[in-house]
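Trainee: Could we go through the terms used for this model one by one, setting each value beside its cut-off?

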Amino acid sequence: MPRMRSPARVNLIGEHTDYNDGYVMPVATDLEMMCHFKRRNDRTVKVSSKELGNTTFKIGDDRREGSWSDYLKGVALYLSERYDLGGWEGSIDSSIPIGSGLSSSAALEVLSAKIFQHVSSFEITPIELAKICKRAENEFVGVRCGIMDQFIITLGKKGSAIFLDCRSLDYEYVPIPEEMGLLVVDTGGRRELAKSEYEKRRRECEEASKILKKSLRDADKSEVLELPNPLNKRALHVVQENKRVLAARKALIENDLESFGDLLLQSHNSLKDLYEVSSEELDRAVELAKKAGALGARMTGAGFGGCAIAVVDRDSIAKVKRIEEEFKVYECKSVDGASLDR
Ligand code: GLA
């Protein structure tokens, strides 16, 4: 039976910039979902999973269930507008901590889209596939996320991060230096506020950009400071975060891990103080990682609980992993985007 794997994403830097036409720099990690599957001839999808539960639906069924199966249903619905889809059944195992901000939802979307592609043999570019998955999340599930998660989960490359311009969708693979270790720290913090506060931040950015009559990607510091509170803080984060992503790309290319770590810390502080999407646990995780010898650390993903990352010199991994006394820590590798496991 073929197996499709789909990775979790960790964003190194560039947070809350993707829906503002900005820059991001995520990686696909070896925390992943794996699905054994086979084709069915009755246009039905049937999935079982220890971690998620079970679901069965017909391709084209557009009733929302308010559960994880909506990610699959949405992908099936929008793919079926363009392609003649075959059904499939499979079982999913996941080592991605579900609902912890590592984008298990996008991993599921891309996983199912790639399985549909495999059992139905249609041609689609990876970027188009990522866009359909994003549409499933935006329009079917109803979360107005940006393109970052679906993009990295589809196009990730082993040993590299992706530097992505979310306006043009131009991208570049940036190799991760050998001596850089990446830790994911799961604070276990609950993310109830994530959906409503995410939407609120999006609306604030839209309002700021409407007042400025330009995308926040094109705004500069002096003009965003003129905006009313809290739009000024939100927009200032976006303007400065975009600059940090550019600087971080350069630091990685030049193997300057000190500067890279510094930029991560600046990003965290800005997400905490200006964008106001951090949490006590995330701040604690970042502080502990730094104290234990990490080069840099920050919350990753939308925020309001979930995971932080720490970037460490390979030689100090064991030392920094001491934060395990307080939080669950995963040492991650950067891997390829979703693909058949051979
Ligand atoms: C979530 C969204 C992404 C992005 C991040 C914040 O993960 O799915 O599109 O906006 O939050 O950077």
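This is a predicted model: local features need pLDDT of at least 70, side-chain atom pairs count only at pLDDT 80 or more; totals for chains, interfaces and linings use all residues.

**Ligand, pockets and backbone**

Trainee: Which distances do Asp18 and Tyr198 give to the ligand?

Mentor: A polar side-chain atom of Asp18 lies 2.5 Å from an oxygen atom of the ligand, and for a polar side-chain atom of Tyr198 the distance to a ligand oxygen is 2.7 Å. The protein covers 93% of the 310 Å² of accessible area that the ligand has on its own (Shrake-Rupley method, 1.4 Å probe). The residues around the ligand (a heavy atom within 4 Å) include Arg9, His16, Cys145, Met148 and Ala302.

Trainee: Which residues are closest to the centre of the largest pocket, and how is its lining made up?

Mentor: The largest pocket has a volume of about 850 Å³, and of its 34 lining residues Tyr71, Ser105, Glu137, Val143 and Arg191 are the closest to its centre. A pocket is an open set of points on a 1 Å grid where a 1.4 Å probe fits, with protein on both sides within 12 Å along at least five of seven lines, and lining residues have an atom within 4 Å of a point. The lining divides into 15 nonpolar, 11 polar and 8 charged residues, and domain 1 (3-175) and domain 2 (180-332) each give at least three residues.

Trainee: What is the volume of the second largest pocket?

Mentor: The second largest pocket has about 280 Å³; among its 13 lining residues, Gly159, Ile176, Arg314, Lys333 and Ser334 are the closest to the centre. Strand β8 (residues 180-186) gives the largest share of that lining, 3 residues.

Trainee: Why do Asp21 and the bond between Asn229 and Pro230 stand apart?

Mentor: Most residues other than glycine have a negative phi, and most peptide bonds are trans. Phi of Asp21, however, is near 65 degrees, a positive value, and Asp21 sits in the loop between β1 (3-13) and β2 (23-40). The bond joining Asn229 and Pro230 is cis, with omega about 5 degrees, and Pro230 lies in the loop between α6 (221-225) and α7 (231-253).

Definitions and conventions:
Residues are numbered from 1 along each chain as its sequence is written. Side-chain values use heavy atoms; hydrogens and water are left out. Grid points are joined across faces, edges and corners, and a volume is the space filled by probe spheres set on the points. Ala, Val, Leu, Ile, Met, Phe, Trp, Tyr, Cys and Pro count as nonpolar, Asp, Glu, Lys and Arg as charged, and the others, Gly among them, as polar. Domain bounds come from an automatic or database domain assignment. Helices (H or I, at least four residues) and strands (E, at least two) are DSSP runs, numbered from the N terminus. A polar contact is a pair of N or O atoms within 3.5 Å; within protein, one must be able to donate a hydrogen and the other to accept it, and residues adjacent in sequence count only if both atoms are side-chain atoms.
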